[in-house]
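Student: I would like to take a close look at one part of this model, and I would be glad of a single connected answer.

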Amino acid sequence: MSYRRRTVTTKGEESTDTSLSIAPSGRHAHYRALDGLRGLAILLVFTTHIYTNVAFFRNSSIGGVLALAASGWIGVDLFFVLSGFLITGILITTVNGPRYFRNFYIRRVLRIFPLFYGVLLLLAVLTPVLHLEWHSGHIAYLFYCQNIAMTVNPGLVQVAPAVYLGHFWSLAVEEQYYMLWPLAIWLLRDERRIMRLCLVLIACTILLRFALIWFLPSNVALDLILRELPTHGDGLLLGSWLALAMRRWPLGELWQHMKWLAWPALPVFLAAGLYEHTLNFHSPAMETAGFTVLPFMFAGLLLKCFVPGSWELRFFSLPFLRFMGRYSYGIYVYHILFWPLMVQGLHWLQAHLHSRIVAGLVYLLLWSLSTIAVAVLSYRYFESPFLRLKERFAPPQQTRAIALGNSQ
């Protein structure tokens, strides 16, 4: 591969605004497609929970088609690839600057902690109202170790009888990566060495998954593989590798190499589903072969978002997808937080509307609109004041450039 560089300045690189501004010849092209990719990720996650939460959709005459919705969990793996890509872009461009660790962690804390700990505080306040039954193991949530706690004690995925926290495992995986990866980049600094480390760790992750499936009881291995960073961190690592690869090689040349890994990914994923007769993640074939190919598929999709004129760039720049991407963090946290109460609401609608179809559609509409509304209000009136503190406590460097390979 030839080696050429193009300077790119980042704007709004935090997880709520994943746009990049490319500056060839002094002109700026706003890469809004990454917001749209994040929007796709949250829609996929939402879809799979619609399928599992509303029995009507599973049992309807089109249930076979809707069964594809059971694969919406792959949205989490898309989140992982995006997060690794964006975070590594930030880290590698600031690693030689002053206050590297301080600025990075302050900005991460101000973005992630207010909503996460705000929700936990809200649940604590609502405990006497909802009669919530907390256990000592729930303390792990305070330290972003809930993924480990859930594996040890599956009962910790909820706070009976009204709250569901099972989806919080992925927040722990990302936060654990954020704690470790800045140190790795600071110690290595050299891009080529960091890229080699990414590939080695990806290979170790894949081998570890297969080893766990082989040596451990199936139910233990599957829970462990799903929720833990060492067994489900290859998406973050591949996103990190891609961020560095785009600094070193032309986009066209990089895609010519990536496509041989990205294109076969979907057929392999579907083959794993056919082998297990389900697209659910909780199966040996899916958590080995399926988990292995998904990051490559999403890395290829992400890369194509930087190719001028590509359908990926146009599609993921659509306003609706970008809107969903902007509020995806809140939507992810809130959308099934009160799942046990939501199910009771569905039963109430069915009883009063006397139609499972109408009740299911009304429930879906209310669920979707209320989740989006809460996420938007939360972002504007609760999270945004914390985000504005970034400029005060961790101002960005005057020059923050990402060098991409020549896209021509």
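Student: Which residues does Arg 189 touch, not counting residues up to four places away in sequence?

Tutor: In this predicted model, Arg 189 touches Ile 92, Val 95, Asn 96 and Ile 194, once residues up to four places away in sequence are left aside. Arg 189 itself lies in the loop between α7 (169-188) and α8 (191-215), and Asn 96, one of the residues it touches, is 93 residues apart from it along the chain, although the C-alpha atoms of Arg 189 and Asn 96 are separated by 8.3 Å. With Val 95 there is also a polar approach to describe, in that a polar atom of the Arg 189 side chain lies 3.5 Å from the backbone oxygen of Val 95.

Arg 108 lies over the face of Tyr 178, at 5.4 Å from the ring centre, while Lys 304 lies over the face of Trp 255, at 4.8 Å from the ring centre. Among the aromatic residues, Phe 113, Phe 116, Tyr 117, Tyr 141, Tyr 144 and Phe 168 form one cluster. Two of its members, Phe 113 and Tyr 117, are four residues apart in helix α5 (residues 100-130), and so are separated by about one helical turn; Phe 113 is partly exposed at 24% relative accessibility, and Tyr 117 is likewise partly exposed, at 26%.

Conventions:
Residues are numbered from 1 along each chain as its sequence is written. This is a predicted model: local features need pLDDT of at least 70, side-chain atom pairs count only at pLDDT 80 or more; totals for chains, interfaces and linings use all residues. Side-chain values use heavy atoms; hydrogens and water are left out. Buried means under 20% relative accessible area, exposed over 50%, partly exposed in between (1.4 Å probe, protein chains only). Rings of Phe, Tyr and Trp (its six-membered ring) pair if their centres lie within 6.5 Å; planes under 30 degrees apart count as stacked, over 60 as edge-to-face and the rest as tilted. A charge sits over a ring if NZ of Lys or CZ of Arg is within 6 Å of the ring centre and within 35 degrees of the ring normal. Contact means heavy atoms within 4.5 Å. A polar contact is a pair of N or O atoms within 3.5 Å; within protein, one must be able to donate a hydrogen and the other to accept it, and residues adjacent in sequence count only if both atoms are side-chain atoms.
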